[in-house]
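Work through the exercises below with the model open. Each task is followed by its solution.

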Amino acid sequence: MKKENIVNKKLRSPLLIKGRLVRDIWFDLKHIQFGWDKKLRDYNQGPPRNSYSEEDVVMIFEQLRTLDQEPSVQSSNLRDVESRMIFYVYDEGKKLKMVVDFMKNSSTVVVTIY
């Protein structure tokens with residue numbers, strides 16, 4: 001994720017996840033669309049893996065309001081991340097993984113959807 005591409009979007013109504021009340025989310029749309037090349041430390045090259053808009057990301061995240069699931073916990077080496085979780089969400093019947101970070105500063109970051 002690149003700081004210059006990170007946006008903040010409000011949810012239509014607050015959502016309680018693992019004891020945290022989420023009112024808004026942060027994300028890098030380009031990271032969600034292209035993925036990340038760890039070696040180059042930049043977005044992947046080539047065609048995007050999806051064409052989600054900012055509103056699409058919000059709607060996909062808001063699915064967590066209706067999906068009954070316990071997220072998988074994933075480790076993160078980032079010092080600002082309190083916990084990283086994997087949720088399964090759906091787009092037109094296709095099952096996707098959504099990586100979400102709960103940050104120590106109480107913000108919620110959608111890292112990626114693939």
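Two strands pair if DSSP finds at least two bridges between them. Helices (H or I, at least four residues) and strands (E, at least two) are DSSP runs, numbered from the N terminus. The model is predicted: local features need pLDDT of at least 70, side-chain atom pairs count only at pLDDT 80 or more, and totals for chains, interfaces and linings use all residues. Residues are numbered from 1 along each chain as its sequence is written, and side-chain values use heavy atoms, with hydrogens and water left out.

**Exercise 1.** Describe how β1 and β2 pair.

Solution. Start with the sense: β1 and β2 are antiparallel, with eight bridges. Then go to the hairpin, where two residues lie between the strands and Lys18 takes a positive phi near 50°.

**Exercise 2.** In which order do the six strands lie in the open sheet?

Solution. Read across: β1-β2-β8-β7-β6-β5, with mixed pairing. β1 (6-17) and β5 (72-74) are the edges; each has a single partner strand, so one side of each lacks a neighbour in the sheet.

**Exercise 3.** Locate Gln63 and list its contacts.

Solution. Gln63 sits in the loop between α2 and β5. Its relative accessible area is 19%, so Gln63 is buried (under 20%; exposed is over 50%, partly exposed in between; 1.4 Å probe, protein chains only). Leaving out residues up to four places away in sequence, Gln63 touches Val89 and Tyr90 (contact: heavy atoms within 4.5 Å). Val89 has Leu96 of β7 as its bridge partner.
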